[in-house]
Amino acid sequence: MPYAKAKDGTMLYYKDWGQGDPVVLMHGWPLTGDTFDDLAVKLVENGKRCIIPDRRGFGRSDQPWNGYDYDTFADDVAAILEDAKINQPVALVGFSMGGGEVARFTSKQGRGKVSAAVFASSVVPKVVQSDDWPDGVPQSKLDQITAQMKEDRAGFMQTFLKQFYGWGVLARPVSEAVLDAGFQQAMMAGARPTYAAAEAWATTDFRPDLPAFDGIPTLILHGTSDENVPIQGTGRKLAEALPHATLIEYDGSPHGIFETDKERFCRDVVGFLTQESRGTTADTSASAIPLNS
């Protein structure tokens, strides 16, 4: 699989699967592009070309000390598209912190470079709580997460991934093997990228990026029981900010809906993107909440 060179020389790994209209799939923290393997297969089977990067510092990409900010992440996506010789508008799918890349890439590159956008369990518009963002996560909780990571990163990741997938004594929506696979992906990242990227997604305010989505078909997917990125301060707020978007709430689902609700997640994303390529705007799910009604 190919590597692209970022502006600062960082080598960025990405998969390039299929042929057709391009879709860029941007993974969440602390995982890799392998997050999207099942979805990518479905998209390729439906005539799409999937570009699936490992973010700098994660997976098979280089682990430089610097560059863990959203302006750089967006520039990295542009470098990958240039390497893949993609000059046409692309559809963007961002899971969790990957949603921030969708937002920043669109605002930096311009809406003419983006054909459609999907935010899944996304950190957009903003995660951290502030006076003007009362539904956010308190800074004290984010600080606690950082302290736990620095004390025992491997132990933290094992606990974190159980919450990520809503896995407990009674509820086990994914297998232990899925937890193990997530842990392996998480530990491929370096310590510095893990901490710095966490700070980026936790503290970046994406509200200034949102006007760029005017006129761009947009789908928002979010679990109502997401404890990592609570829906009230993210998915629902994003839907309010983008009145043309369609919000689909996954009732009772946790953060990692690409695994816990795999069949539905793939159906919703593939349905949305294939409809957009045909120029239609029908809902992708019976539970869709069209916000312009």
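Modeller: By cavity I mean a set of points, on a 1 Å grid over the protein atoms alone, where a 1.4 Å probe fits but cannot get out. This is a predicted model, with local features needing pLDDT of at least 70 and side-chain atom pairs pLDDT 80 or more, while totals for chains, interfaces and linings use all residues. Numbering starts from 1 along each chain as its sequence is written, and side-chain values use heavy atoms, without hydrogens or water.

There are 4 cavities of 30 Å³ or more in the structure. The largest cavity comes out at about 80 Å³, a volume being the space filled by probe spheres set on the grid points, which are joined across faces, edges and corners. Its lining (residues with an atom within 4 Å of a point) takes in Leu12, Met26, His27, Pro53, Asp54, Arg55 and Arg56, along with Phe73, Asp76, Val77, Ile80 and Glu101. Helix H2, residues 70-83, gives the largest share of that lining, with 4 residues. Helices here are DSSP runs of H or I with at least four residues, numbered from the N terminus. Sorted by type, the lining of the largest cavity has 6 nonpolar residues, 5 charged and 1 polar. Nonpolar covers Ala, Val, Leu, Ile, Met, Phe, Trp, Tyr, Cys and Pro, charged covers Asp, Glu, Lys and Arg, and the others, Gly among them, are polar.

The second largest cavity holds about 40 Å³ of space. Around it sit Lys126, Val127, Asp135, Gly136, Val137, Pro230, Gly233 and Thr234. That lining splits into 3 nonpolar, 3 polar and 2 charged residues.

On to the packing. Helix H4 (residues 139-151) packs against H5 at an angle of about 125°, and their axes are 5 Å apart. The axes are lines fitted to C-alpha atoms over the stretch in contact, with angles from 0 to 180 degrees between N-to-C directions. In contact terms (heavy atoms within 4.5 Å), Ile145, Gln148, Met149 and Glu151 of H4 meet Arg153, Phe156 and Met157 of H5. That H4 and H5 contact counts 4 nonpolar, 1 polar and 2 charged residues.

H5 (residues 153-164) also crosses H6 (residues 176-188) at roughly 140°, with the axes coming within 10 Å.

How values were computed:
Helices (H or I, at least four residues) and strands (E, at least two) are DSSP runs, numbered from the N terminus. On a 1 Å grid over the protein atoms alone, a cavity is a set of points where a 1.4 Å probe fits but cannot get out, and a pocket is an open set with protein on both sides within 12 Å along at least five of seven lines; lining residues have an atom within 4 Å of a point.
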